[in-house]
Amino acid sequence: MFTRRLALAAGFAAAFAGTATQAPVQAQDWKAKYPELVFAVVPAENASGVSERYAPFVEYLSKELGTKVTLRVANDYAAVIEGQRNGSIHIAGYGPASYSRAVVTGVKVEPFCTTRNNDGTVGYYSVFYVRADSPYQSMDDLKGKNLGLVDPNSTSGNNVPRFVLNKMKINPESYFSHVTYTGSHENAVIALQQKTVDVAANWWNADDDSNLTRMLTKGMVKNADGTPMKKEDFRIIVKSDLIINSPYAYLSDLPDDMKAAIKQAFLDADKKDPEAFKKLSDGKNKPWETVTNEDYNKTIELIKFVDSLRKKGS
């Protein structure tokens, strides 16, 4: 009996040891298979500004994951979608609409966290700006004028604006004299500042936190004489309903323990490297919130709706 007990104890000990070492072995397995991870984002500002903003966080991720993480600043959302489709981008920062576009077109990705605003909410708005010195008070005043959008796959800069305009019975291509995709949220503001467009779509979190206020803080928006413009120099004429915040997503076929490590690194960033975390939003955001694909069902339906509008217009 004594011998049998010893044998059983040895068996349990071996089993426990195997379990205890399994996780590190698996970790080594994925690190060997993925010696470098590519993390892609789309610039809401100029590319150099994005690189500077994300550099400390990418350094933190590399250290936390124990494998090299390389930042790729993509030209547009379509480049991120295709990069994840072909597997060359492992982690990506999306807008809600571009993530939904990826899902609708069959890209195998999973969202794992989203930004949380300073007031604790996990949503933002699409707004239409005009210059305060213009006579335009509503969309009715802008027939035959020039509209500035951001990118075909932008949520706040194209898809939601088109949805809002459709509810007003407005077809942008026939209502406005010209519809311009400016390429970024910053470019849309600059086009309005320079009067290249008469109305521009953009994102807005709160009165003191929007793409416009961040650009004004950096001195990026100036009058013709070079003096800095102020928030009061712009007027919001339309604001959308709340949109769920932008997700970060990884490839679905990455190893489970690898995905868990990536997700945890994001969720721990505010505690383990608070300065890198704060730099991402100029200290405006609270710690990330966990999300799943189901949280974007409404945005996926929005994409399908916008696609149906395009088919009707073609």
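**Cavities, pockets, cores and a helix**

Mentor: Under the rule applied here, two cavities of 30 Å³ or more are counted. The model is predicted, so local features need pLDDT of at least 70 and side-chain atom pairs count only at pLDDT 80 or more, while totals for chains, interfaces and linings use all residues. Residues are numbered from 1 along each chain as its sequence is written, and side-chain values use heavy atoms, with hydrogens and water left out.

Trainee: What makes a space a cavity and not a pocket?
Mentor: On a 1 Å grid over the protein atoms alone, a cavity is a set of points where a 1.4 Å probe fits but cannot get out, whereas a pocket is an open set with protein on both sides within 12 Å along at least five of seven lines; lining residues have an atom within 4 Å of a point. The second largest cavity is lined by V42, P43, Y77, V150, D151, G183, S184 and H185.

Trainee: How much space lies in the second largest cavity?
Mentor: About 30 Å³. Such a volume is the space filled by probe spheres set on the grid points, which are joined across faces, edges and corners.

Trainee: What are the classes of residue in the lining of that cavity?
Mentor: Four are nonpolar, three polar and one charged. Ala, Val, Leu, Ile, Met, Phe, Trp, Tyr, Cys and Pro count as nonpolar, Asp, Glu, Lys and Arg as charged, and the others, Gly among them, as polar.

Trainee: Which element gives the most to the lining of the largest pocket?
Mentor: Helix α5, with five residues. Helices (H or I, at least four residues) and strands (E, at least two) are DSSP runs, numbered from the N terminus. The largest pocket holds about 350 Å³ of space. Of its 17 lining residues, V160, D241, L242, I243 and L302 are the closest to its centre. By class, its lining has seven nonpolar, four polar and six charged residues.

Trainee: Why is helix α7 called largely enclosed?
Mentor: Seven of the nine residues of α7 (residues 185-193) are buried, so the rest of the structure largely encloses this helix. Buried means under 20% relative accessible area, exposed over 50%, and partly exposed in between (1.4 Å probe, protein chains only). The buried residues of α7 are H185, E186, A188, V189, A191, L192 and Q193. After α7 comes K195, with a positive phi near 65 degrees.

Trainee: Why is N223 called partly exposed?
Mentor: Its relative accessibility is 27%, so N223 counts as partly exposed. N223 is placed in the loop between α8 (211-217) and β10 (234-239). Not counting residues up to four places away in sequence, N223 touches P228 and M229, where contact means heavy atoms within 4.5 Å.

Trainee: What makes a set of residues a nonpolar core?
Mentor: The members are buried Ala, Val, Leu, Ile, Met, Phe, Trp, Tyr and Cys residues joined through side-chain atoms within 4.5 Å. The largest such core has 46 residues, of which F39, Y54, F57, Y94, I262, F266 and W288 touch the most other members. Helix α2 (residues 47-65) supplies the largest share of this core, seven residues. A second, separate core of 23 residues includes L149, F176, A201 and L302.

Trainee: Which residues does W288 contact, leaving aside its neighbours within four places in sequence?
Mentor: The contacts of W288 beyond those neighbours are F57, C113, T114, T115, Y248, F266, L267, A269, F277 and L280.
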